[in-house]
Amino acid sequence: MASQVAKVYTVAKSQEHYKEGYSHGHWDNREKYAAQVPGMAWVSAGGYPWCALFVSWVALKAGVAGLFPRTASCATAVGWFKVRGRFSTFPALGSQVFFGAGGGTHTGIVISYSKTSITYISGNTNSNGSPEGNEVLIKSIARKSPYVFGYGLPQYAEGITTADPVLKGHKGYHYAATAGVPKAVKPAPPKSGGKTSVVTVKAGQTLGTIAASVGITLAALLGLNPAYKSHPNDVHVGDHITVPAKPTKKPTAKPTPKPSAKPTKKPNPPTCK
């Protein structure tokens, strides 16, 4: 079974380069995430910054919503981790990193760290690492940068890998001075049988293209995959989609050839004397 941190990484990575809306000549902070996180639709409706919301969305889609704060406020998220005793000034794999004074300026998810830098993925940023950008990007920053405030440590079921020496040997923590990118979730092999089968979404595919490839309408495909009805465009590489099973063609029995009739023996021609 894939680790929870691997699921978080896989979901977050699938959103790389997603951009918010553009209207009236500028980026408008309108994004797809708010409508998909219960109670957070107001973020997009009001055109508010969405970096913390993005982290909440990733947690929800990765099936670990209870391990991260659900909020659009970086400062509130910092407090959420501190109250639970899960805040550190050392990076951890899959942790929520916070930037700026009090951690209230910007946030993202740590996907790797070395002795000198951290690499993270965040929403509402740009190539310069702005806390008010327009895109989901993977960025790196020096660990000792004064801009880095600290890290919230989700309580993953498998434990969390951290560079905090104080947590070395504590239950639920795995100490590592450096940590690489977690392995992406490997999709389970498709199962087939009965009236349906399962396909795995590949790069560039949508529910519409999948429906067309199996010869059904999008509405019919959504009927087989009700979890996507409210957000049919929110499909990721590696997702498993139920499709009608192709009927197994039974080989038709070849007719047994009838034995050819034996030629009748010709009578001997009459001989002349």
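Author: Val5, Val8, Tyr9, Leu93, Gly94, Ile109, Val110, Ile111 and Pro182 line the largest cavity. Helix H1 (4-13) and strand E5 (106-113) are the elements that give two or more residues to this lining. The model is predicted: local features need pLDDT of at least 70, side-chain atom pairs count only at pLDDT 80 or more, and totals for chains, interfaces and linings use all residues. Residues are numbered from 1 along each chain as its sequence is written, and side-chain values use heavy atoms, with hydrogens and water left out.

Reader: How is a cavity found, and how much space lies in the largest cavity?

Author: Rolling a probe the size of a water molecule over the atoms shows where empty space is left. Here a cavity is a set of points on a 1 Å grid over the protein atoms alone where a 1.4 Å probe fits but cannot get out, and lining residues have an atom within 4 Å of a point. The largest cavity holds about 40 Å³ of space, and the search of the whole structure finds one cavity of 30 Å³ or more. Its lining has eight nonpolar residues, one polar and no charged (Ala, Val, Leu, Ile, Met, Phe, Trp, Tyr, Cys and Pro count as nonpolar, Asp, Glu, Lys and Arg as charged, the others, Gly among them, as polar).

Reader: Which residues of helix H4 are buried?

Author: An α-helix has 3.6 residues a turn, so residues three or four places apart point the same way. In H4 (residues 74-83), Cys74, Ala77, Val78 and Phe81 are buried (under 20% relative accessible area, 1.4 Å probe, protein chains only). These residues cover an arc of only 105° around the axis, which puts them on the same side of H4 (the arc is that of directions from the helix axis to the C-beta atoms). Helices (H or I, at least four residues) and strands (E, at least two) are DSSP runs, numbered from the N terminus. Among the elements covering the buried residues of H4 are H3 and strand E8 (148-152).

Reader: Why is H3 largely enclosed by the rest of the structure?

Author: H3 (residues 51-61) is largely enclosed because nine of its eleven residues are buried. Including Phe54 and Trp57, the buried set runs from Cys51 to Ala59.

Reader: Where does a positive phi occur without a glycine?

Author: Asparagine 29 has a positive phi of about 65° although it is not a glycine. Asparagine 29 is buried, with a relative accessible area of 8%.

Key:
Buried means under 20% relative accessible area, exposed over 50%, partly exposed in between (1.4 Å probe, protein chains only). On a 1 Å grid over the protein atoms alone, a cavity is a set of points where a 1.4 Å probe fits but cannot get out, and a pocket is an open set with protein on both sides within 12 Å along at least five of seven lines; lining residues have an atom within 4 Å of a point. Grid points are joined across faces, edges and corners, and a volume is the space filled by probe spheres set on the points. Contact means heavy atoms within 4.5 Å.
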